[in-house]
Amino acid sequence: MIVRIMGEGQAEVADVHLAELDKLDDELLAEMESGDEEGFRRTLGALLDAVRRLGSPLPDDALEPSELILPAPDASLDEVREMLSDDGLIPG
């Protein structure tokens with residue numbers, strides 16, 4: 001799966017890692033729904049770090065369509081809320 005972190009670039013993440021990312025996404029969704037700003041910041045950082053750690057960066061000139069777009073690390077709670085589907089940032 002090709003994942004884009006807004007403002008950073010793209011990484012290819014193997015499907016075997018999606019369960020780990022989905023768990024963090026579920027935590028992020030719960031923190032957003034409860035208005036837990038501190039938890040939101042922590043979990044967003046953990047989600048983005050997991051993509052960086054588990055993914056293989058694509059070259060800056062790669063023109064691959066992103067299957068998943070994640071917010072920038074400094075995105076606000078409201079900005080991320082606008083990006084959400086009913087399933088969170090990661091569908092499924």
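Q: What makes up the largest nonpolar core, and which residues have the most contacts inside it?
A: In this predicted model, the largest nonpolar core has 22 residues, and those with the most contacts inside it are L21, L28, F40, L47, V51 and L70. Two or more residues each come from β1 (2-5), α1 (18-34), α2 (37-54), β4 (68-70) and α3 (77-83). Helix α2 provides the largest share of this core, seven residues. In soluble globular proteins, nonpolar side chains tend to be buried together.

Q: Which residues are in contact with L21, leaving aside its neighbours within four places in sequence?
A: L21 is in contact with V13, L47, A50, V51, L54 and I90. Contact here requires heavy atoms within 4.5 Å.

Q: Why is T43 called buried?
A: T43 has a relative accessible area of 3%, and the term buried applies under 20%. T43 is therefore buried. This residue is placed in helix α2. Not counting residues up to four places away in sequence, T43 touches L24, E27, L28 and E31.

Q: Why is M6 called partly exposed?
A: Partly exposed covers the range between buried, under 20%, and exposed, over 50%. The relative accessibility of M6 is 40%, so M6 counts as partly exposed. M6 lies in the loop between β1 and β2 (9-12). Together with I69 and M83, M6 makes a nonpolar surface patch of about 240 Å².

Q: How do you know that R53 forms a salt bridge with E20?
A: The closest N and O atoms of R53 and E20 are 2.8 Å apart, and a salt bridge requires this nitrogen to lie within 4 Å of a carboxyl oxygen. The pair therefore forms a salt bridge. R53 lies in helix α2 and E20 in helix α1, so the pair ties together parts that are 33 residues apart in sequence. R53 is exposed, with a relative accessible area of 55%, whereas E20 counts as partly exposed at 33%.

Q: What makes E31 and R42 a salt bridge, and is E31 buried or exposed?
A: The side chains of E31 and R42 meet at 3.6 Å, N to O, and the cut-off is 4 Å. E31 lies in helix α1 and R42 in helix α2, so this pair ties together parts that are eleven residues apart in sequence. E31 has a relative accessible area of 10% and is therefore buried.

Q: Where do R41 and E37 lie, and what joins their side chains?
A: R41 and E37 are four residues apart in helix α2, which means that about one helical turn separates them. Their side chains meet in a salt bridge of 3.7 Å, N to O. R41, at 32% relative accessibility, counts as partly exposed, and E37 is partly exposed at 40%. Elsewhere, salt bridges that share partners join E8, D49 and R52 into one network. The structure holds six salt bridges.

Q: How do you know that β1 and β2 pair?
A: Pairing requires at least two bridges, and β1 and β2 have four, in the antiparallel sense. The two strands are therefore paired. V3 stands opposite A11 in β2. The strands form a hairpin with three residues between them, and G7 in the turn has a positive phi of about 85°.

Q: What makes β3 and β4 the edge strands?
A: Four strands form an open sheet of mixed pairing, in the order β3-β2-β1-β4. The edge strands β3 (56-57) and β4 each pair on one side only. Strand β4 runs parallel to β1, with three bridges joining them; in β4, L70 is the bridge partner of I5.

Terms used
Residues numbered from 1 in each chain as written. Predicted model: local features only at pLDDT ≥ 70, side-chain atom pairs only at ≥ 80, totals over all residues. Heavy atoms only, no water. Core = buried A, V, L, I, M, F, W, Y, C linked by side-chain atoms within 4.5 Å. Buried < 20%, exposed > 50% of the residue type's maximum accessible area, 1.4 Å probe, protein only. Patch = residues over 30% accessible without salt bridge, like charges linked within 9 Å, V, L, I, M, F, W, Y side chains within 5 Å. Areas by Shrake-Rupley, 256 points an atom, 1.4 Å probe, with all protein chains shown as cover.
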